[in-house]
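Dear colleague,

I am handing over the structure below, and after it you will find notes on what turned up when I went through it. Please read them with the model open beside you.

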Amino acid sequence: MSNASEAVKARRRARRARWQRPLETAQDRREAWASLLLSDHGFLRLAYRNRRQVTPDLWRSAQPSPRDIRWAAQRGIRTVLSLRGEGNGGDLLEQEACTRHNLNFERIVMWSRGAPPKDSLYTALDRFPQLERPILLHCKSGADRAGLGAALFRIIVDGAPVAIARKELSLRYGHIRHAKTGILDAFLDAFETTGEARGIDLRTWVTDHYDPAALKASFVSNRAGDTLLSLLRRE
C-alpha cells in the first residue's frame, strides 16, 4: 500500500478519534459546529433538510442539527435513530441535543454503496420493533441509508410489502438507482423475488437465502450515475 494511502487512512482515524470524546470547552463546541456545517456540508441542510413523515410512527431526514432535534421534540418524536457511524462533530451535537430534549438516541450503522451486511439486517430486525415511537431516522443526506432504513422499518414493523417499502428509495429524496447506491434497490428486489414471492419472511430469507457477496458481484452501476453521485459528495 502506498504512503499516500496510509496517510489518508491515518487522517481519517485521527478525525474519528477527535469526535469520540465529549464536548467540554468552547473551542470543542466551535470545532463541532465547523465539522457539522462545513466538513459534513450541513450548511446545505439549513435550506433543505430532506425531511418527510413516512407514517404516524416514522419520520426520515438528513443529518439533524440541534435545532432540528428541538423541532422533533416539539412534534412528539421520542427516538432519534442515526444510521451513520461515529466520527463527526455533528454526531456529538445531535446526542447532546437529544439528552437536552429528553429524546432517546439510537444508532444502527448502515451503508449506502454495498450490499447490506447480515449483521446490520439482524440488528434492524431485532431493534426496530423495540424502539420507542415515533421515530426520526436519518443518514447524512436523507437519500440512501435513510431510504433503506425506512424501507426496512416498513417491512419489519408495519408488515408492508416490498412494493410499498421500495418507494422510500426514490429520486425524490436524491436516491440514484443507477449509481452504486442502486445496490440497495437490488437488495429489495432480491428479497421480493426470492423471498416475499415465496412466502418467506425477511429474517428467514436473510439467514437461509441472502448472499451479500453474490449480490455485490451481480450488481453493475452506471458510470454517469456514479459521476453524479461523486459530484453530490455522498458518503
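Does Arg51 count as buried, partly exposed or exposed, and at what relative accessibility? Arg51 counts as partly exposed, at 30% relative accessibility, where buried means under 20% relative accessible area, exposed over 50% and partly exposed in between, with a 1.4 Å probe and protein chains only.

Before going further, please note that this is a predicted model, in which local features need pLDDT of at least 70 and side-chain atom pairs count only at pLDDT 80 or more, while totals for chains, interfaces and linings use all residues. Residues are numbered from 1 along each chain as its sequence is written, and side-chain values use heavy atoms, with hydrogens and water left out.

Salt bridges

A search of the whole structure finds 15 salt bridges, each being a side-chain nitrogen of Lys or Arg within 4 Å of a carboxyl oxygen of Asp or Glu. In one of them Arg51 is paired with Asp68, with 3.6 Å between the closest N and O atoms. This pair links distant parts of the chain, 17 residues apart, since Asp68 sits in helix α4 (residues 66–74) and Arg51 in the loop between α3 and β1; helices (H or I, at least four residues) and strands (E, at least two) are DSSP runs, numbered from the N terminus. Asp68 is buried, with a relative accessible area of 9%.

Another salt bridge joins Glu106 and Arg127, whose closest N and O atoms are 2.6 Å apart. Because Glu106 belongs to strand β4 and Arg127 to helix α6, the pair ties together parts that are 21 residues apart in sequence. Glu106 is partly exposed at 26% relative accessibility, and Arg127 is partly exposed at 28%.

A further salt bridge brings together the side chains of Arg177 and Asp189 (2.8 Å, N to O). Arg177 lies in the loop between α8 (162–165) and α9, and Asp189 in helix α9, so this pair ties together parts 12 residues apart in sequence. Salt bridges that share partners join Arg166, Arg177, Asp185, Asp189 and Glu192 into one network.

Backbone details

A cis peptide bond, with omega about 0°, joins Arg133 and Pro134, and Pro134 is placed in the loop between α6 (118–127) and β5 (135–138). Asn50, although not a glycine, has a positive phi of about 50°, and Asn50 counts as buried at 5% relative accessibility. Asn102 also has a positive phi, near 60°, but Asn102 is exposed, with a relative accessible area of 55%.

With kind regards
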